Amino acid sequence: MATFTGLFLERRRPTIFGTGEQTRDFVYVDDVVDALARAAERGEGIINIGTGDETSVNDLYASMSRATGYNDPPNYATARAGELDRSALAIDRAATELGWKPFTSLDEGVSRTIEWFRERRG
């Protein structure tokens, strides 16, 4: 995310390794902080904090493109060895033990993240 953001803001074309259909569970930092604050008071053991949703790298790219107004397509390169095809967390235990669920959408989190980077770039 940080690498893509820097390249988008520099108006340079990011590279997606593989087809871009590999998925990840992107969760916004404020959602994580909320979960950690709740965990400090209750819950124990290992609890996954995520969205529970798979988002493809292509969908992340599209969201970042909309947020920055950078409309060139990505470069694609050979997938990196050992990279997971799919990743999403089971977050049921966070709801049960912490009374927590994510509250920031992908597009909103992307927009806020990009704005944070913009402010620091000057």
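## Crossing of α3 and α5

The contact draws on Leu60, Ser63, Met64, Arg66, Ala67 and Thr68 of α3. From α5 come Leu106, Asp107, Val110, Ser111, Ile114 and Arg118. Contact here means heavy atoms within 4.5 Å. The residues of this contact split into 6 nonpolar, 3 polar and 3 charged. Ala, Val, Leu, Ile, Met, Phe, Trp, Tyr, Cys and Pro count as nonpolar, Asp, Glu, Lys and Arg as charged, and the others, Gly among them, as polar.

The axes of the two helices come within 9 Å and cross at roughly 55°. Axes are lines fitted to C-alpha atoms, for helices over the stretch in contact, with angles from 0 to 180 degrees between N-to-C directions. α3 and α5 are therefore oblique to each other. Angles under 35 degrees count as roughly parallel, over 145 as roughly antiparallel, 65 to 115 as roughly perpendicular and the rest as oblique.

## Model and conventions

This is a predicted model: local features need pLDDT of at least 70, side-chain atom pairs count only at pLDDT 80 or more, and totals for chains, interfaces and linings use all residues. Residues are numbered from 1 along each chain as its sequence is written, and side-chain values use heavy atoms, with hydrogens and water left out.

## Overall layout

The chain has 5 helices and 4 strands. These are DSSP runs numbered from the N terminus: helices are H or I with at least four residues, strands are E with at least two. Along the sequence the pattern reads α-β-β-α-β-α-β-α-α. The C-alpha atoms fill a box of roughly 45 × 35 × 20 Å along the principal axes.

Of the 122 residues, 34% are buried. Buried means under 20% relative accessible area, exposed over 50%, and partly exposed in between (1.4 Å probe, protein chains only). Among contacts with a separation of 6 or more, 90% join residues 24 or more positions apart.

## Helix α3

Helix α3 covers residues 57–68. At 1.5 Å a residue, its 12 residues should span 16 Å, and the end C-alpha atoms are 16 Å apart, which agrees. The expected span is 1.5 Å times one less than the number of residues.

Its buried residues are Val57, Asn58, Leu60, Tyr61, Ser63, Met64, Ser65 and Thr68. They pack against α1 (2–9), β1 (15–17), β3 (55–56), β4 (75–77) and α5 (106–121). Just after α3, glycine 69 adopts a positive phi of about 75°.

## α1 against α5

α1 and α5 pack at about 60°, with axes 10 Å apart. These helices are therefore oblique to each other. Their crossing is right-handed. On the α1 side, Ala2, Thr5, Gly6 and Leu9 take part. They meet Ile114, Phe117, Arg118 and Arg121 of α5. This contact divides into 4 nonpolar, 2 polar and 2 charged residues.

## Two partly exposed residues

Phenylalanine 26 sits in the loop between β2 (23–24) and α2 (29–39). At 26% relative accessibility, this phenylalanine counts as partly exposed. Not counting residues up to four places away in sequence, phenylalanine 26 touches Thr51, Thr55, Leu60 and Leu106.

Threonine 15 lies in strand β1. At 28% relative accessibility, threonine 15 also counts as partly exposed.

Technical notes
Left-handed = near helix turned anticlockwise from the far one by under 90°.
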